[in-house]
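Subject: Structure handover

Hello,

Here is the structure I said I would pass on. Please open it before reading the notes below.

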Amino acid sequence: REEEERLRNKIRADHEKALEEAKEKLKKSRDEIQAEIQTEKNKVVQELKKKDSKPLPPVPLPNLIGINSGEPADPDIREKRNKIKEMMKHAWDNYRQYGWGHNELKPIARKGHSTNIFGNSQMGATIVDALDTLYIMGLHDEFREGQEWIDKNLDFSVNSEVSVFEVNIRFIGGLLAAYYLSGQEVFKIKAVQLAGKLLPAFNTPTGIPWAMVNLKSGVGRNWGWASAGSSILAEFGTLHMEFVHLSYLTGDPVYYNKVMHIRKLLQKMDRPNGLYPNYLNPRTGRWGQHHTSVGGLGDSFYEYLLKAWLMSDKTDTEARKMYDDAIEAIEKHLIRKSNGGLTFIGEWKNGHLERKMGHLTCFAGGMFALGADGSRDDKAGHYLQLGAEIAHTCHESYDRTTLKLGPEAFKFDGGVEAVAVRQNEKYYILRPEVIETYWYMWRFTHDPKYRQWGWEATQAIDKYCRVSGGFSGVKDVYSSSPTYDDVQQSFFLAETLKYLYLLFSNDDLLPLDNWVFNTEAHPLPVLHLANTTLSGNPAY
Ligand code: DMJ
């Protein structure tokens, strides 16, 4: 009874206090009340921010070598390297002046540009994507400007629907690389905050993530154009490198578990002819259309199998096996020689081979060369040769155009060899894949032709894509008076210019024994996890 009485008194007292407060409030003007509410809100936001930006637990940093070197002794090579650095500066300065904070730049209209992959928010994609290139080129003032913008403005609590894959490879990959190169905590913290915002995308019946997620609500969905509501192989299969690094840096296994779950699920599935189809339904766990590609929709899935093995200091042998199995099937069913003797990688569509290769597919030359060492049955020579043949074919696709820049897709059919046929496949949008392959081939062979081909591409880009407001893609590489698409893609700064710069640097800049490049050319260090496989690492 006494307890009841005490409670009743307390309720009465609280009630009276609340009434008093309400009376006081009513005496205040509407504006005053609103100002008070706003102050309260700000306090909560500040608290949350403090919580979010708490320093993460320290982990031993991997061996970070070769981040400040690479100056070539040969004056001719040094001059070429300086020219590429000047192009980077031109791209950056114009973005800085006309597009700052926007995702990309329209170099002709001289204003910001964005596409749906970045959502409807100004997330400074070009800044994040460009950071590590600025760093290795020694453009430190520009790097600091970028860092300051990220520190003050990059906010992920926005009501914006973004591509999980693109945000992972460009933002998380870019932030992690900037962190490893510079040691600045802010990049690690932002990468982890952003990764937290992507996690709801994995809430599907199978754990295969949606293609898109709303950063605020966490609601996910797939692209309307993808076969029967499917997720895309190259999207959900290109998360491994960044997610393993996130678990490494935070000590939180959640990221690692998400990507390993995807791997296990894929391992259990039947593969038609040993090939992975590009589409997988995240609700049913069944394949969509049986299309297989080493270009768009498939490409970086294969790349990440190989790189998962490399970044684990070659201990993740499960990934290596999946890579070996996959490329054996690809070689058997997709790789052919044209009548003119060019090796090409076609696309598998419902039981037949389409004799068409995409610019995107040209990255595979570098991948084959990178995977040569450690290949099954000691076929290193064979894969290096295959890499060289793909590099040659892709160079031909550039050489057979008016502008000496490669088309988006080219055919090997009815007398046509490495040439685009359809008007809507004749564009070049500053893509990196061919130059990426030249660089890997250069690192593994030091055959001077790769530098020569890289220089041809540099000159063509400078001549035909450079405008006073930056660099633009062109709509027809076979036309002597091409029109511009007026977009300076963020990957031009992240990848194309970085691979060119590396091609004209010494090999001690970002050596491949210590660094593995993500699919957006962001270098991440090899993790030496004490002779255990990643899945067996006691830390997890
Ligand atoms: C980049 O964003 C990445 O290289 C991705 O893997 C494929 N496409 C673009 C560049 O072409």
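This is a predicted model: local features need pLDDT of at least 70, side-chain atom pairs count only at pLDDT 80 or more; totals for chains, interfaces and linings use all residues.

Helix packing

Two packed helices are described by the angle between their axes and the distance between the axes.

Start with helix α14, residues 380–399, and helix α16, residues 448–464. Their axes come within 12 Å and cross at roughly 30°. Angles under 35 degrees count as roughly parallel, and α14 and α16 are therefore roughly parallel to each other. Their crossing is left-handed. On the α14 side the contact is made by Ala388, Ala391, His392, His395 and Tyr398, and on the α16 side by Tyr450, Trp453, Glu456 and Ala457. Sorted by class, this contact has six nonpolar residues, two polar ones and one charged one.

Helix α14 also packs against helix α12, which spans residues 317–333. Here the angle is about 55° and the axes are 14 Å apart, which makes α12 oblique to α14. The crossing of α12 past α14 is left-handed. Ile327, Glu328 and Glu331 of α12 meet His382, Tyr383 and Leu386 of α14 in this contact. Its residues divide into three nonpolar, one polar and two charged.

From α9, the contact takes in His240, Met241, Glu242, Val244 and His245; from α11, it takes in Tyr304, Lys307, Ala308 and Met311. By class, that gives five nonpolar, two polar and two charged residues.

Empty space

Rolling a probe the size of a water molecule over the atoms shows where empty space is left.

The largest pocket holds about 1,200 Å³ of space. Its lining is made of 49 residues, and those nearest its centre are Gly296, Leu297, Asp299, Leu360 and Arg431. Which elements supply at least two residues each to this lining? They are the helices α6 (164–182), α8 (233–236), α11 (299–311), α15 (433–445) and α17 (490–503), together with the strands β11 (347–349) and β13 (356–358). The largest share, four residues, comes from α6. The pocket lining divides into 18 nonpolar, 14 polar and 17 charged residues.

How many cavities of 30 Å³ or more does a search of the whole structure find? There are four of them. The largest cavity has about 140 Å³ of space. It is lined by 14 residues, of which Gly237, His240, Arg263, Phe301 and Leu305 are the closest to its centre. The elements giving two or more residues to the cavity lining are α10 (254–268) and α11. By class, the cavity lining has ten nonpolar residues, three polar ones and one charged one.

Regards

Key: Residues are numbered from 1 along each chain as its sequence is written. Side-chain values use heavy atoms; hydrogens and water are left out. Axes are lines fitted to C-alpha atoms, for helices over the stretch in contact, and angles run from 0 to 180 degrees between N-to-C directions. Angles under 35 degrees count as roughly parallel, over 145 as roughly antiparallel, 65 to 115 as roughly perpendicular and the rest as oblique. A crossing is left-handed if the near helix is turned anticlockwise from the far one by less than a right angle, and right-handed if clockwise. Contact means heavy atoms within 4.5 Å. Ala, Val, Leu, Ile, Met, Phe, Trp, Tyr, Cys and Pro count as nonpolar, Asp, Glu, Lys and Arg as charged, and the others, Gly among them, as polar. On a 1 Å grid over the protein atoms alone, a cavity is a set of points where a 1.4 Å probe fits but cannot get out, and a pocket is an open set with protein on both sides within 12 Å along at least five of seven lines; lining residues have an atom within 4 Å of a point. Grid points are joined across faces, edges and corners, and a volume is the space filled by probe spheres set on the points.
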